[in-house]
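Trainee: Before we talk about this model, could you put the sequence and the structure up for us both?

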Amino acid sequence: MEQVPEQEKETRKERADRNFVELLQGARVAVTGVQVLFAFLLTVPFSEGFARLGAFDRWLFYVALVSAAVASICYIAPANQHRVLFRQGLKERLVHRSNLYGIAGAVALVLSMSSATMLVVDFLFDSTLAWITGGVVAALAAWSWFVQPALDRASDRGADTPEEESEGRRSGGAGTAV
């Protein structure tokens, strides 16, 4: 008799609960960094050196600040929406939406980190090095956060473990499981 993996014994509600907890755990990792970056960016205009920034650097600062704010909103949204939707039977919808917020938050974080890095490097050195450094930061984040997982997802789905295989079948391969 074939033994059924523990994951396949989950109900839809249990799976949605587990997936939501996993999404929140991932967001906790990112939200601390986003909030530290955002807080730092909020103090920069009040420093003496800010007045020396040219127009390009002020726009870099603007992009870094606003994208950090957007990332914060995206990473905090799932917990707040959970409070509003508590006991409404909408956990699966919340899980799917939270996954999208997590991706949007990561994109905003890449933009904020890259533009903040460009700002500092441009202030310290020159525009050419700033563009190169910002591009490398953006490319590294894009590769490690998006491209590499997308390649894994596109490759032989579920070949690694029975759990991944069964999760891929249950969710249609593009579900909300993370």
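**The second largest pocket**

Mentor: The second largest pocket is lined by 14 residues, and those nearest its centre are Asp17, Arg87, Gly89, Leu90 and Lys91. A pocket here is an open set of points on a 1 Å grid over the protein atoms alone, where a 1.4 Å probe fits, with protein on both sides within 12 Å along at least five of seven lines, and lining residues have an atom within 4 Å of a point. The model is predicted, so local features need pLDDT of at least 70 and side-chain atom pairs count only at pLDDT 80 or more, while totals for chains, interfaces and linings use all residues. Residues are numbered from 1 along each chain as its sequence is written, and side-chain values use heavy atoms, with hydrogens and water left out.

Trainee: Which helix gives the most to the lining of the second largest pocket?

Mentor: Helices are DSSP runs of H or I with at least four residues, numbered from the N terminus. Two of them, α1 (12-43) and α3 (91-124), each supply at least two residues of that lining. The one that gives the most, with 4 residues, is α1.

Trainee: How many residues of the lining of the second largest pocket are charged?

Mentor: In this classification Asp, Glu, Lys and Arg count as charged, Ala, Val, Leu, Ile, Met, Phe, Trp, Tyr, Cys and Pro as nonpolar, and the others, Gly among them, as polar. The lining has 5 nonpolar and 3 polar residues, and its charged residues number 6.

**The helices**

Trainee: Where does α4 bend?

Mentor: Helix α4 (residues 127-154) has 28 residues and reaches 37 Å from its first C-alpha to its last, close to the 40 Å expected at 1.5 Å a residue, the expected span being 1.5 Å times one less than the number of residues. A bend is the angle between axes fitted to the seven residues ending at a residue and the seven starting there. In α4 this angle is about 45 degrees, and the bend lies at Trp143.

Trainee: Which residues of α4 are buried?

Mentor: Buried means under 20% relative accessible area, exposed over 50%, and partly exposed in between, with a 1.4 Å probe and protein chains only. What covers the buried residues of α4 includes α3. The buried residues themselves are Ala130, Gly134 and Ala141.

Trainee: Where is the kink in α2?

Mentor: Helix α2 (residues 55-84) has 30 residues and spans 42 Å between its first and last C-alpha, close to the 44 Å expected. Its kink, of about 40 degrees, comes shortly before the proline Pro78, at Ala77.

Terms used. Contact = heavy atoms within 4.5 Å.
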